[in-house]
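Hello,

Here is the structure for you to look through. Please open it beside this email and follow along.

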Amino acid sequence: MRRRALLGTAAAAAALAMSDAAGAQAAPGRPPTRYLGMFRQEDPTAIATSVKNLYGAVPASVMWFDSWASGRAFPVNEARTLWRRGIMPHYTWEPWNTALGPTDPGQIHLADIIGGAWDGYIRARAEEFAAVRQPILVRWAHEFNGNWYPWGIANNNADPSLYVRAYQHVHDLVTGAGARNVQWVWAYNNGSSPDAPYNDPARAYPGDRYVDWVGIDGYNWGFGPSWDPAGDHWTSFDATFATAYAKARTVAPNRPVMIGEFASTEDGGDKAAWLQDMDAKLRSGAYPDLKLLTYFDVTKEEAWSPSSSPAALATFTSWTQQRYMRGRGHELARVAGDYACSRLPLT
């Protein structure tokens, strides 16, 4: 994770009104089912165990990261173990060398991918994806509208078409190698950095044929983050996600939405109240197409972990126990297909 640009609160408020209205119409009684995803800095199967021990919840999915330059194989056996426990694997697949800066000449960039330099690596991972024989989420080259990753549009001639071509190239190689169990996550940051017309996520949408889920990443950075030590960036759940969610509904209205990464700091406000507000908003039926929420359970740039204070821990644990949050992995695996089928035009 790198620095995330934040949303403008005025724009967020306008989008919130739209999402609230849609949510009220979509769920007049019970709120829609949501699914809990978790990321921790552990092996995939260990994440599931830790979440159960710490929060008393069985996540519907667990997420982990890997970079292309690592050359590591996809952990087929661990993915199968997760599925035996009813948990959907969620793999964030990052095309970079973490030892190099985003603009280093030796770094992986989109032109390299389009040109075929990584085709052998991609096909090898695709064969491993297929070997799982169960659905897996693959979030490839997320936060492309930020400037902190080498695949970011800002670091590739400010040309969103390069991202589209690279995404489609990777998708087609994976599918061609037989990995039709992959559910593809196209994921952007909740605010673009830089905030320029070329960096609008809508201009980098690969098309419904290539996308199963729309993902959004966003954080409540609070007061004095490392990238702005004197700034107050405390933002509510709505101010963090409303505008980005509205964009998802405009760009890809036939696809479900996930939050691929989110968390709140303790600095500059009440984290427990932030989580309570999020819970109330979700229970109200707002964001009706938001199905999966993946919490970033680490202490990194900020104290993101739910255990950062007793009040935050109690509130987070209570949220994971809510009835609407009890969706399981086998149900989550059907969500994208249900959307695709239910929104086909009538003939």
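Where is the place of Glu143? Look in the loop between strand 4 (136–140) and helix 6 (160–176). Keep in mind that this is a predicted model.

Now take each in turn.

Is Glu143 buried or exposed? Its relative accessibility is 0%, and buried means under 20%, so Glu143 counts as buried. Its side chain makes a polar contact of 2.8 Å with the side chain of Trp148.

Glu261 sits in strand 9, which covers residues 257–264. Glu261 is buried too, with a relative accessible area of 1%. The side chain of Glu261 joins that of Arg139 in a polar contact of 2.8 Å.

Next, go to helix 9 (residues 310–320). Which of its residues are buried? They are Ala312, Thr315, Phe316, Trp319 and Thr320. Around the axis they cover an arc of only 135 degrees, which means that they lie on the same side of helix 9.

What do these buried residues pack against? Two helices are on the list: helix 2 (44–55) and helix 8 (271–283). Strand 1 (35–39) and strand 10 (290–296) are there as well. So is strand 9, the strand in which Glu261 is found.

Best wishes

Definitions and conventions. Residues numbered from 1 in each chain as written. Predicted model: local features only at pLDDT ≥ 70, side-chain atom pairs only at ≥ 80, totals over all residues. Heavy atoms only, no water. Helix = DSSP H or I, 4+ residues; strand = E, 2+ residues; numbered from the N terminus. Buried < 20%, exposed > 50% of the residue type's maximum accessible area, 1.4 Å probe, protein only. Polar contact = N/O pair within 3.5 Å; in protein donor to acceptor, adjacent residues only side chain to side chain. Arc of directions from axis to C-beta. Contact = heavy atoms within 4.5 Å.
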